[in-house]
Amino acid sequence: MNDIQKNKAVKTFWIIFMIPIALMAILFMLISSGNMGYMPPFEELENPQSNLASEVISSDQELLGKYYRENRTIVQFENLPAHLVNALVATEDIRFYEHSGIDGRGLLRVLFKTVILRDKSSGGGSTITQQLAKNLFPRDSINDRSGISKIAHLALAKFKEWIIAVKLERNYTKEEILAMYFNTVPFGSETYGIKSAARTYFNSSPDSLNIQEAAMLVGMVKGPSMFNPKRNPRRALLRRNTVLEQMEKNDFLSEEECDSLKKLPLRLDYKIQSHNQGLATYFREYLRMAMTAKLPDRENYSENNLAKYREDSTEWADNPLYGWCNKNHKPNGDTYDIYSDGLKIYTTINSKMQKYAEEAMTEHMGGDLQPAFYQYKKGNKKAPFDWQMTDQQIRRVYSNAVVRSERYIMLKRAKKDSAEIVENFRTPTHMQVFKWTGDVDTIMSPIDSIRYYKFFLHAGLMSMEPQTGYVRAYVGDINFFHFKFDNVMQTRRQVGSTFKPIIYTMAMMPGQYSPCHMVPNIPVSFPMPNGQPEYTPKYSLLKGYEGKLIPLRMGLAYSLNQISAWILKQYSPREAIDLARRMGIKSPLEEVYSICVGSAEIKLSEMVGAYGTFINKGVYSEPIVVTRIEDKNNNIIGSTFKSKKREVISEGTAYRMISLMQGVVQMGTSTRLRYKYKFTNDIAGKTGTTNNNSDAWFIGCVPNLVTGVWVGGEERSIRFGEGGYGQGASAALPIWALYMQRVYKDGTLEVSKDNFDIPEYADGIPMNCSKYKEFQGDDDEYINPEEEAY
């Protein structure tokens, strides 16, 4: 070969081999610099963005729930068990610790076996780091592309992933890359990341996963839907076993271990993490709504809703939790996003007490009260409404329910006319409806479903430490999935006789009266202006004591309306309202005489807070539900959550009120706490029942816990009627009792069974009024319907 031929051969070599390499190098430079499409900058690689779920954490460090767009929670490498990491490396990238983001041997295997020999079982060539790059910076959609354009787009995307993988390897250790991978990979069922996956499929945490569980989750990486153990259990089992075989092949398991593990069935504890399920659903929704509230804008409130505007404006100004996400800013100036910023919200809720509260409500409402209500309404053609309701009133109730329904709103948006909407509501359709024994599938018309749901009685419970203001349990109603309205923080219902202790407090102030002060047990009337008839609260009959002098202690114990009226007549409705305001009641209160028998409509949360004043020696502690908020890096960013406190009454007055309310339990409307539920410790409390048993209340106190319960129908006309089941002692008190029985049985909870503290200077104050016979029988034996007529 002469020199000319040699030169030609060299040129040909350079053209064939070197020019493509040069072009490839130029292409990689263009891609890396961002000239061929978006390429994440160094800062973004240092702090990759991801949607992190915010966690709601109980005071005993249990996860109550999450808020998220993607159900993802960060886990550190040290919390990943070795067999989980080994399973991933053995299955996805055995040379992970040897390469720098791109596995050359793996690429050659793909080229010859997959591309040339068409062997699809040979596996892919993407390293763990490349998969991480794809998870952090997803490819653009190529569904609308075809042919050469689609291939070119895929190739370009692959090149980008190679470059990002190399950059990731330069910026992070292998352990950090593995942790990032496990935190970003999807696992189906709206679950992202290994921590959420462990919780969803095994109700566990990553560090508690055993080998076969870890292998199943790693197997899902290849196809979260295809290998989902709930949808495709057989495929998931085979895939798990493939992972185990890979672990044996790469010496992470012995042959004996692999064979024994492969014989084990899939054992799931599947709990899909939903806002509608789990503990404290109503509380979590209240927390979400409060934290994401926006600055109230007058333009968004109608003329009829100005009171709500004023209430929200006050909350925005005075409550640091209300609108927290919009009041506080991240270092970059953006406001916080509860659905993606990975906040940790530490609450005052105790998970055990929350569980006991929900169980108590379910036991009484589902096992006792609701069946009794069905039986009570049997044969009543107007059921579930009271027989006194007219047909026109009932039609109006149903009409309002239809207009408020989501179905009606959707039909109106779809431009359906009235006739079409009526037809839609009358047409039977498949639906799932609530039942205490479990949801059932049925065929029912939407209008019939509205009537079906009207039959259910509702309830609310809140339990608070009066010394700290910490809310320990919060149950907004009987089932969050089907009944979204919150009877703790949203509903205002007539409080009935539970307001009477506030009235009595005026009489127990220093220099006023004692619990044993004698008053005439006769009707009390109030003069009305403009020639109106006098107002006389309904007389509460107590056998054997009509027209006699009785002590104030007995008046509260038996919830005698005329005694509350006598006290108010010594003062005024204005003084009662002022006291209620100082005790934390913010709901509208009318300056009327009927306030003495509980005509006001007040939130359950406010009533529990007010009663806390008595137990906390006269100091009001505002109920709070959050102690601190941390960012995704565990930095405290919200530490201003403290209960606002103020002294309202003296310690002596508070003790006198406790003594009066102990009489309710010892001889009055709540004696069943003793003879039926067998409580022997100090308890102060008060029942409440409004007109025709529309609302039933009980608020009970022990030295370091105040718990209030409300029970009633969705409409005031949905009720038991006279006597029996509809009274506070029958409808609400049992929930308190069942809850406290569970609380006291749990030795890990520090809920006191001690006696109430007696002030040193209280020795000379008459409390027991022992010369008067105390009632010791069934609290239904005396005649006192606890009704307030006004």
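Predicted model: local features only at pLDDT ≥ 70, side-chain atom pairs only at ≥ 80, totals over all residues.

Mentor: Let's start with helix α20, where Lys500, Pro501, Ile502, Ile503, Tyr504, Thr505, Met506 and Ala507 are buried. Buried here means under 20% relative accessible area, with exposed being over 50% and partly exposed in between, using a 1.4 Å probe and protein chains only. That is eight of the eight residues in the 500-507 stretch, so α20 is largely enclosed by the rest of the structure.

Residues are numbered from 1 along each chain as its sequence is written, and side-chain values use heavy atoms, with hydrogens and water left out.

So what sits over α20? The cover on its buried residues includes the helices α21 (552-557), α22 (561-570), α23 (573-582), α24 (604-615) and α25 (651-667), plus strand β18 (684-689).

Take α23 from that list. Its axis lies 10 Å from that of α20, at an angle of about 105°; axes are lines fitted to C-alpha atoms, for helices over the stretch in contact, and angles run from 0 to 180 degrees between N-to-C directions. That makes the two helices roughly perpendicular, on a scale where under 35 degrees is roughly parallel, over 145 roughly antiparallel, 65 to 115 roughly perpendicular and the rest oblique. Ile502, Ile503, Thr505 and Met506 of α20 meet Glu575, Ala576, Leu579 and Ala580 of α23, contact being heavy atoms within 4.5 Å. By class, that makes six nonpolar, one polar and one charged; Ala, Val, Leu, Ile, Met, Phe, Trp, Tyr, Cys and Pro count as nonpolar, Asp, Glu, Lys and Arg as charged, and the others, Gly among them, as polar.

For another helix pair, look at α5 (residues 128-136) and α7 (residues 174-184), which pack at about 45° with axes 9 Å apart. They are therefore oblique to each other. On the α5 side, Ile128, Thr129, Gln131, Leu132, Asn135 and Leu136 touch Ile177, Leu178, Met180, Tyr181 and Thr184 of α7. That contact has seven nonpolar, four polar and no charged residues.

A strand residue is worth a stop too. Ile629 sits in β15 (residues 626-630) and is buried, at a relative accessible area of 0%. Beyond neighbours within four places in sequence, Ile629 touches residues including Met291, Trp324, Leu343 and Phe641.

Among contacts between residues at least 6 apart in sequence, 70% join residues at least 24 apart.

Conventions
Helix = DSSP H or I, 4+ residues; strand = E, 2+ residues; numbered from the N terminus.
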